[in-house]
Amino acid sequence: MNMIQALNSALDIKMAEDPTVLSFGEDAGYFGGVFRVTDKLQQKHGLTRSFDAPISETGIVGAAIGMAAYGLRPVVEIQFADYIYPAYDQIVSEAAKMRYRSGGQFTSPLTIRSPYGGGIFGGQTHSQSPESLFTHIAGLKVVIPSNPYDAKGLLTSAIEDDDPVVFFEPKRLYNGPFDGWHEKPVSPWKAQDLAQVPTGKYVEPIGKARVMKDGGDVTILAYGTMVWVALAGAEHAGVDAEVIDLRTLVPLDIETIEASVKKTGRCVIVHEAPRTSGFGGELSALVQERCFYHLEAPIARVTGWDTPYPHAFEWEYFPGPQRVADALKSVMSGGR
Amino acid sequence: MTIKNTQPLSLRVPEPSGRPGDAPDFSHLQLDPAGVVERPEVSSAPYDMRDHAFRLVRVLDDEGRAVGPWNPKLDPDTLRRGLKAMILTRAFDDRMHRAHRQGKTSFYMKCTGEEAIAVAQGMLLSREDMGFPTYRQQGLLIARGYPLATMMNQIYSNAEDPIKGRQLPIMYSAKDFGFFTISGNLGTQYPQAVGWAMASAYRGDDKIAITWIGDGSTAESDFHSALTFASVYRAPVILNIVNNQWAISSFQGIAGGLETTFASKAIGYGLPALRVDGNDFLAVWAATAWAEERARTNQGATVIELFTYRGAPHSTSDDPSRYRPGDEHEKWPLGDPLERLRQHLTVIGEWSDDQHAEALKDAVEEVRAAAKESEAIGTLGQSRPSVKTMFEEVYATEDWRLVEQRREVGV
């Protein structure tokens with residue numbers, strides 16, 4: 001399966017087994033979503049189970065919060081993560097705080113799915129990575145899969161989770177892995193082990209990282225599309241890197257991170273989002289706090305720039321394998 | 001030099017009819033007399049009842065008689081219960097306002113002048129229905145017999161605060177009483193109420209939702225999103241707009257109230273709208289019953305503008321003498337909701353001055369007893385829940401960060 005099919009399969013299975021699960025969003029009903037993640041769910045499960053919503057992110061998330069408080073498990077689609085900002089207040093001030101502020105009387109078990117990230121020539125409004133705006137908020141979980149197998153297992157877990165989950169889907173990976181070498185042909189998912197997705201139900205735990213590649217020299221922390229860029233960057237640099245796919249930013253699998261950095265003594269963090277106050281800053285602080293005496297070089301960050309996402313300069317902005325390789329070489333030689 | 005043939009533009013900023021020092025002026029209000037607005041069939045098409053968005057549904061006339069087609073013909077017992085709940089709400093507000101002045105809490109908000117709204121609607125709807133209130137619907141809890149001492153425990157953030165010292169004093173949560181957790185971010189609960197109602201409809205249940213928003217917050221995008229969703233999905237929800245004339249110091253014209261009525265905003269969404277005298281217990285009851293029947297018979301949402309006046313300051317942190325005529329509330333042409341219901345009950349021979357005096361005394365006594373109970377547990381700073389609870393219920397299960405941070409605090 002590709003990632004779209006895997007996500008669709010998770011939704012299909014959950015909707016079939018649990019009548020409290022429903023799915024809606026802009027174009028998400030009849031048409032199945034602009035990326036087709038909700039394709040045929042309406043035909044299979046009925047008009048009231050999977051339907052189109054007005055172009056109103058506030059309304060979509062606000063209504064989903066009310067539904068979740070009623071006892072449903074709504075899964076809403078925000079068409080692009082760049083459009084999540086109008087819903088920000090509902091997510092941050094309402095869904096995230098519901099259990100806490102009501103002393104446990106009301107909960108908000110909703111899943112907010114949203115395609116995110118760049119590498120598709122989407123310009124400023126179809127390319128952003130706003131995850132750190134959500135990892136900063138108490139009460140939210142933030143999940144970002146990087147392959148079809150995890151996408152299905154993690155989305156299933158997100159739907160079953162009793163907390164609100166912001167589920168970012170790296171849209172550059174929907175149809176195939178992308179290693180950042182944009183001038184080279186893209187391979188399909190079917191060549192990858194992680195595309196061997198069971199048709200039945202399974203779950204991948206939220207809060208557990210996946211070690212994508214064992215290595216002894218340096219730890220690379222990445223998520224989403226950057227997992228594949230990190231792998232390509234390590235190969236390009238010829239460095240024996242341990243590549244960790246975080247999969248969940250909140251809750252974070254600190255044990256896996258700590259064990260790896262203590263083993264390798266070096267750490268490179270890769271994300272697409274701009275550097276300042278990005279999630280890499282948090283990762284860097286955590287690694288420094290917990291692994292300082294094991295570090296043999298300063299922690300390096302490879303990130304998007306602190307500019308709006310540009311259209312014509314996409315490949316200068318996008319953190320590609322060359323920049324990862326440069327960072328790895330720098331870290332291996334003791335830093336700048 | 002070139003001379004332009006266009007006039008310079010000028011920016012208009014609306015101003016209220018009176019400011020501090022001015023005499024109150026309500027001459028601009030168009031208030032229908034009691035009993036004249038017709039009562040449409042509950043199944044009416046919104047298009048056929050557009051006038052109702054500009055009229056004013058009133059039942060009680062100046063002599064305290066219930067007149068016209070909207071008279072809900074309530075039995076005296078219900079009327080007396082309503083009056084007593086309003087009296088109790090006001091007594092509670094007065095006591096808690098004083099408690100703030102005495103330093104027993106950080107904050108309080110009264111609903112003086114608006115008691116009829118939450119009390120009537122709280123009595124009429126079931127606890128199985130869900131109310132998505134603002135911070136001025138404490139009358140809903142009081143009318144339904146929620147323990148006053150428990151409300152005070154939250155106001156004092158003491159060890160028995162049902163929501164463990166996490167919220168501002170008046171932001172109650174009471175699921176079993178059909179009272180959703182209140183947000184301080186205004187307007188956010190409007191789409192949530194619609195979603196809750198959609199969920200009931202989706203499940204084929206028979207519960208409906210009711211929500212309130214202030215005139216000021218109708219300018220929030222949440223309001224417009226909610227009306228779109230309510231209309232599109234025909235959600236069984238009652239959407240109240242409490243037009244109490246003031247959003248802190250901004251008069252209702254700043255939210256668009258001079259351009260049209262708040263009720264009329266429903267018209268563009270294809271929703272039926274009623275504009276109602278919010279100080280008339282019977283009118284509030286009748287309009288809500290109309291909307292309830294519409295919602296329960298799967299005919300969708302109704303917007304109700306409740307026309308009232310916020311008599312008290314916005315909160316204990318506000319001083320209305322700085323922005324409006326000092327005696328404006330006393331001159332409000334639609335009177336005081338308690339006095340009007342009292343007058344009605346008296347006119348129909350079901351209430352006396354002695355009974356009223358006794359009811360006032362009973363209410364003060366009930367509030368005093370609750371305060372004694374609550375203050376024995378403690379007021380703000382004297383008592384509070386365990387600090388450990390600060391780290392609980394952020395997530396369904398605690399994550400390592402919270403465990404570590406709790407240890408850092410040493411609890």
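**Entry 1**

The model is a predicted one, in which local features need pLDDT of at least 70 and side-chain atom pairs count only at pLDDT 80 or more, while totals for chains, interfaces and linings use all residues. Side-chain values rest on heavy atoms, with hydrogens and water left out; residues are numbered from 1 along each chain as its sequence is written, and chains are lettered from A, and ligands numbered from 1, in the order in which they are written.

I then noted that Glu365(B) and Arg368(B) are joined by a salt bridge of 2.9 Å, N to O. The term stands for a side-chain nitrogen of Lys or Arg within 4 Å of a carboxyl oxygen of Asp or Glu. How far apart are Glu365(B) and Arg368(B) in helix α9 of chain B? They are three residues apart in that helix (residues 353-377), and therefore separated by about one helical turn. An α-helix has 3.6 residues a turn, so residues three or four places apart point the same way. Arg368(B) is also partly exposed, with a relative accessible area of 42%. For helices I used DSSP runs of H or I with at least four residues, and for strands runs of E with at least two, numbered from the N terminus.

**Entry 2: Other salt bridges**

I recorded 53 salt bridges over all chains. In chain B, Arg19(B) meets Glu15(B) at 2.7 Å, N to O. Arg19(B) is partly exposed at 27%, and Glu15(B) is partly exposed at 48%.

I also looked up Arg65(B), which forms a salt bridge with Asp61(B), with the closest N and O atoms 3.0 Å apart.

**Entry 3: Arg136(B)**

I located Arg136(B) in the loop between β1 (130-132) and α3 (138-143) of chain B. This residue is buried, with a relative accessible area of 5%. The side chain of Arg136(B) reaches the backbone oxygen of His314(B) at 3.0 Å. I class this as a polar contact, a pair of N or O atoms within 3.5 Å; within protein, one must be able to donate a hydrogen and the other to accept it, and residues adjacent in sequence count only if both atoms are side-chain atoms. Leaving aside neighbours within four places in sequence, I listed the residues in contact (heavy atoms within 4.5 Å) with Arg136(B), among them Met109(B), Glu114(B), Asn244(B) and Arg310(B).

**Entry 4: Helix α8 of chain B**

I examined α8(B), residues 337-347, where the buried residues include Leu338(B), Leu341(B) and Leu345(B). The elements that cover the buried residues of α8(B) include α1 (76-101), α2 (115-124) and α9 of chain B. At the start of α8(B), a side-chain oxygen of Asp336(B) reaches to within 2.9 Å of the backbone nitrogen of Leu338(B). After α8(B) comes Gly349(B), with a positive phi near 75°.

**Entry 5: Nonpolar cores**

I looked up the largest nonpolar core, which has 84 residues; Leu246(A), Val237(B) and Leu239(B) have the most contacts inside it. Such a core is a set of buried Ala, Val, Leu, Ile, Met, Phe, Trp, Tyr and Cys residues joined through side-chain atoms within 4.5 Å. Helix α3 (residues 57-70) of chain A gives the largest share of this core, nine residues. A second, separate core of 75 residues includes Val57(B), Ile117(B), Leu341(B) and Ala370(B).

**Entry 6: Where the chains meet**

I noted that chain A and chain B bury about 3,700 Å² between them, 60% of it on carbon and sulfur atoms. Buried area is the accessible area (1.4 Å probe) that two parts lose on being put together, summed over both. In chain A, Tyr70(A), Tyr100(A) and Arg101(A) lose the most area to chain B, together 22% of what that side buries. The contact takes 50 residues from chain A and 45 residues from chain B.

How many salt bridges are there between chain A and chain B? The count is one. I found that Arg290(A) and Glu404(B) meet in a salt bridge at 2.5 Å, N to O. α3(A) gives the most to the side of chain A that touches chain B, with 10 residues.

Terms used:
Buried means under 20% relative accessible area, exposed over 50%, partly exposed in between (1.4 Å probe, protein chains only).
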